[in-house]
Amino acid sequence: MRRPRRRDRHGRGLRGPLIPSALPAARSRAERFDDLVLDAVELLERRWADELSGVEFAVEDVPPSDPAPWEDDVVPLGRLFPADGRSPARVVVYRRPVETRAEEDELDDLVTDVVVEQVAHLLDMAPEDVDPRYEGD
């Protein structure tokens, strides 16, 4: 019977986490991105609580490989799925395309703009009317 290995192939012991889980740096990039989306949604829900009740917000890594008919050949940063009889309206933000498009110091602004644009589309309003801080392109 073979005993479990207590050391790796280089003779070192098992490695533990480099950063304690309580520190902010221990959070993954995806978790930090989720927090940015939640912050953007919370700001909008303060102003548009009634209109956004029942709307689901989600983050996916990449958009599906089959683009919507109106999306030409552009990689979308977010998408609105209107409500139908079975499910509520859903706003999806695509993490990898947003991270690729944004500089590190402007990621939170781009995330907010994507969420505002999708909510504006849902409410059939201009993004500037949904959030006066909207910067756009």
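In which hand does H1 pass H4, left-handed or right-handed? The crossing of H1 past H4 is right-handed. Keep in mind throughout that this is a predicted model.

Now the geometry of that pair. Two packed helices are described by the angle between their axes and by the distance between those axes. Here helix H1 covers residues 29-47 and helix H4 covers residues 107-123. They pack at an angle of about 50 degrees, and their axes are 9 Å apart. H1 and H4 are therefore oblique to each other.

Next, who makes the contact. From H1 the residues are Phe-33, Leu-36, Val-37, Ala-40, Val-41 and Leu-44. On the H4 side they are Leu-107, Asp-108, Val-111, Thr-112, Val-115, Val-116 and Val-119. Sorted by type, the residues of the contact of H1 with H4 are eleven nonpolar, one polar and one charged.

On to the sheet. It is open and has three strands, in the order S1-S3-S2, and the pairing is mixed. Strand S1, residues 56-60, and strand S2, residues 78-81, are the edge strands, and each of them pairs on one side only. From one strand to the next, the twist averages 20 degrees.

Take the S2 and S3 pair in detail. Strand S3 is residues 90-94; S2 and S3 run antiparallel, and four bridges join them.

H4 lies across S1, S2 and S3, and it runs at about 25 degrees to S2.

Finally, the chain as a whole. The protein chain has five helices and three strands. Read from the N terminus, the order of elements is α-α-β-β-β-α-α-α. The chain has 137 residues, of which 31% count as buried. As for contacts between residues at least 6 apart in sequence, 55% of them join residues at least 24 apart.

To recap the helix pair: H1 and H4 pack at about 50 degrees, in a right-handed crossing. That is what I have; questions are welcome.

How values were computed. Residues are numbered from 1 along each chain as its sequence is written. This is a predicted model: local features need pLDDT of at least 70, side-chain atom pairs count only at pLDDT 80 or more; totals for chains, interfaces and linings use all residues. Side-chain values use heavy atoms; hydrogens and water are left out. Axes are lines fitted to C-alpha atoms, for helices over the stretch in contact, and angles run from 0 to 180 degrees between N-to-C directions. Helices (H or I, at least four residues) and strands (E, at least two) are DSSP runs, numbered from the N terminus. Angles under 35 degrees count as roughly parallel, over 145 as roughly antiparallel, 65 to 115 as roughly perpendicular and the rest as oblique. A crossing is left-handed if the near helix is turned anticlockwise from the far one by less than a right angle, and right-handed if clockwise. Contact means heavy atoms within 4.5 Å. Ala, Val, Leu, Ile, Met, Phe, Trp, Tyr, Cys and Pro count as nonpolar, Asp, Glu, Lys and Arg as charged, and the others, Gly among them, as polar. Two strands pair if DSSP finds at least two bridges between them. Buried means under 20% relative accessible area, exposed over 50%, partly exposed in between (1.4 Å probe, protein chains only).
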